[in-house]
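Let me put the model up and we'll walk through some salt bridges and a helix.

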Amino acid sequence: KSKVLEELDDKSTDYAILSHRWGTEVSYEEMVGLMKMEEQERKEVTHRDGYQKIIKSCEQAKKDGYKGLWIDTCCIDKRSSAELSEAINAMYRWYQNAQVCYVYLNDIDESVFPTEQDGKWVKSNYWPEWFMRGWTLQELIAPKQVEFFNKDWVPIGNKQRLAPTLTDITKIPRDVLAHGLAGKRLSVAQIMSWAAYRETTREEDRAYSLMGLFGVKMPMLYGEGKNAFRRLQLEIIKETSDHSIFAWHL
C-alpha cells in the first residue's frame, strides 16, 4: 500500500523529484486533509492543474521504479516557518541526491524540445518560462539525471542529450550540466551571472535560491527584501576569498 506523505531519508531512499513552474497548486495542508474534505471542496482541489501534476509525476515515478517522489508544493508544511527554513536550506541536497529530476514544461505543446527561440515565449526571453525562474537554476544543476516532459507528460529529452541547447539557453558550461559544481574552479561572479535574468515571486528568493549553489546556509527572513542578498554575500565571503563577489549585485 502506498502512502500519500511519508518522511524518508534522502541518502538511503531511491526517489524522484519534480521541478516545475508553479500555477494552481495543492498545499501540504490540503494534501493531508484531502479525504476529510467535503465532496465539493475535494472536487475543487482534485481538478486543479497542480493536483493533476502530482498524479502524473507520481505515475511516472512508479513507472520508473522509484519508491518515492518529492514535490515542493505539497511536501513542505509552509505554515511552519521552521520547517520552511529547514527545507529551503536542504533543497539543493534533495535535488542532488534524487535519482532523477522530472522537469515539467507546461508551456511546451510539441513532442520535441525547442532548439531555438520562439515568439510565443516573448515574456521569458523567447524560451519556455521554466528557464527564467530563480529556483529552477539549482534544480537543473544539482541532479545527476534530469528528464524533460511537455504539458502532456510526453518525454522530450534529458540533460545529457540536450546539453548543447541547454548551454545556449542558460549559459551554464556543458561540463557543469554533466557533472555538477563539485571540483570546478568557477568564480562567484560566473555562477551569479547564470541567475542574472531569472525572476522569483518573492524578492528574497533571488538570494535564497542561490544558497545551495554556493554551499552556504542561512535563516529565512521573508520581509527583509534586498537585505537577503547582502546576507548571502556575507555568507559566501566566509567560505571564499574570491573578490569577484563584490562586482556583482542582483
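So, which residue forms a salt bridge with aspartate 175? It's lysine 184, with the closest N and O atoms 3.9 Å apart. By salt bridge I mean a side-chain nitrogen of Lys or Arg within 4 Å of a carboxyl oxygen of Asp or Glu.

Quick housekeeping: this is a predicted model, where local features need pLDDT of at least 70, side-chain atom pairs count only at pLDDT 80 or more, and totals for chains, interfaces and linings use all residues. Residues are numbered from 1 along each chain as its sequence is written, and side-chain values use heavy atoms, leaving out hydrogens and water.

The structure has 13 salt bridges. Another one joins arginine 21 and glutamate 129, at 3.0 Å, N to O. That pair links distant parts of the chain, 108 residues apart.

Then there's arginine 79 with glutamate 29, at 3.3 Å, N to O. Arginine 79 sits in the loop between S2 and H4 and glutamate 29 in helix H1, so the pair ties together parts 50 residues apart in sequence. Helices here are DSSP runs of H or I, at least four residues, and strands are runs of E, at least two, numbered from the N terminus. Glu29 and Arg79 also belong to a salt-bridge network with Asp77.

Now H4, residues 81–97. This helix has a kink of about 50°, centred on alanine 90; that bend is the angle between axes fitted to the seven residues ending there and the seven starting there. Alanine 90 is among the buried residues of H4, buried being under 20% relative accessible area, exposed over 50%, and partly exposed in between, with a 1.4 Å probe and protein chains only.

Notes. The expected span of a helix is 1.5 Å times one less than its number of residues.
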